[in-house]
Amino acid sequence: MAETCYDNRQFEMKMVLKSMAYLHAYNLSISFGEKKLFDNVSFEVGEHDRIGLIGVNGAGKTTLFRLITGEMEPTSGEAFLSKQARIGYLEQHACADETRSIYDEMLSVFQNVMQVERELNETTCQLELGEGSLNELIDRQQALNERFDRMGGLTYRSRTRAALMGLGFAEKEFGQPCGNLSGGQKSKLSLGKLLLSGANLLLLDEPTNHMDMRSKDILKNALLKYERTLVVVSHDREFLDGLVDKVYEFRDGGVKEYLGGIYYFLEKRKLESLQEIERRDAPAKMPAKGDE
C-alpha cells in the first residue's frame with residue numbers, strides 16, 4: 001500500500017476528491033524477470049489532482065504510465081480507469097509525418113470535426129447544383145450543421161491558432177514542416193494537441209527535456225491554465241513548483257504519497273534538489289574492472 005505524508009492544508013481537499021477518482025490502482029506489482037520495480041502498490045488519481053511522480057531512473061514511473069494506458073499488464077494487481085477518464089499521453093514524437101506543417105499537425109486533433117465539415121460542404125454543393133432529393137438534402141444539411149456546431153466546428157480553427165500562439169509559435173511559423181522543429185518545440189506541439197483533444201487526464205513524461213528556459217516557462221503557463229487532472233514525471237524542481245500539489249515518490253519497491261507541493265516533499269525528505277534523489281537513492285553499481 002502507498003504510505004502517505006499529509007500537509008494539513010491538503011488533507012480536507014484529499015477527502016473531497018477521494019470519491020471522484022479517475023484511476024484506482026489496487027496492489028499493483030510489476031517485475032521483469034528477477035527485477036521487481038514495485039510491489040503491492042495501491043493509490044488513486046482523483047479528478048483535478050495535480051501529481052508529480054518522483055524517483056530514481058528505473059524506479060517504475062514510465063512503466064506506471066504504460067500500465068495506465070494499457071500498453072503493459074501488471075505482474076499482479078489491477079488498475080481501473082473510470083468511464084469519465086479521457087487519457088492524453090505526451091508522445092515523444094509529435095509528428096507522424098514530418099513534412100506536414102505545424103498548423104496542419106495541430107489541426108489533426110480535429111479530424112472528426114473536419115470530416116463532418118467535408119460532408120456538410122458536399123451536401124451544400126449538391127443543393128446548389130440541384131442534385132438529388134431536395135427535401136432529403138435539406139434535412140441532411142440541417143443535421144450536419146447541428147452536429148458540426150455541437151462538435152465546436154465554428155471555433156476549432158481559431159482555437160488551433162490560439163493554442164499555437166499560446167505555446168510560443170509565431171504565426172509566420174505555422175506553415176513550417178514539423179521536421180524543422182527542435183525536440184523542445186515538438187514537445188510543445190504535442191502538448192498543444194493534447195490540450196485541444198479534450199483529454200481530462202494528462203500523463204507527461206519528462207516534458208521539459210530539450211527545452212530552454214523560455215520554452216519551459218511557456219509550457220508551465222499552459223499547464224497552469226489546464227484545469228483538469230495532471231500527472232507529470234520530472235526532475236525539474238522549478239517546473240514542478242506551483243504546478244503540482246501532490247507527490248508520489250517511487251522508492252524501495254513502493255510508492256509514498258506526499259500531500260503537498262514539491263517543496264513540501266523536499267523538506268520531508270531533507271533534500272536540497274531532486275537531483276539528490278539520484279545520488280542518494282540509486283542502487284550502488286558494481287565497480288568496473290580496474291576501478292576497484
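The following conversation goes through some descriptions of this predicted model and the reasons behind them.

User: What should I know about the numbering and the model before we start?
Analyst: Residues are numbered from 1 along each chain as its sequence is written, and side-chain values use heavy atoms, with hydrogens and water left out. The model is predicted, and local features need pLDDT of at least 70, side-chain atom pairs count only at pLDDT 80 or more, while totals for chains, interfaces and linings use all residues.

User: How many helices and strands does the protein have, and what makes a stretch count as one?
Analyst: The protein has eleven helices and ten strands; helices (H or I, at least four residues) and strands (E, at least two) are DSSP runs, numbered from the N terminus.

User: Why is strand β8 called largely enclosed?
Analyst: A residue is buried when its relative accessible area is under 20%, exposed when it is over 50%, and partly exposed in between (1.4 Å probe, protein chains only). In β8, residues 229-233, five of the five residues are buried, so the strand is largely enclosed by the rest of the structure. Both faces are covered, with Thr229, Val231 and Val233 buried on one side and Leu230 and Val232 buried on the other. For the protein as a whole, 46% of the 292 residues count as buried.

User: How do you know that β8 pairs with β4 and β7?
Analyst: Two strands pair if DSSP finds at least two bridges between them. β4 and β8 are joined by four bridges in the parallel sense, and β7 (residues 201-205) and β8, which also run parallel, by five bridges. Arginine 50 stands opposite leucine 230 in β8, and leucine 203 has valine 231 of β8 as its bridge partner. From β7 the chain passes through helix α8 (residues 213-225) to β8 in a right-handed β-α-β crossover, a term used if, with the strands pointing away from the viewer, the path from the first strand over the helix to the second runs clockwise.
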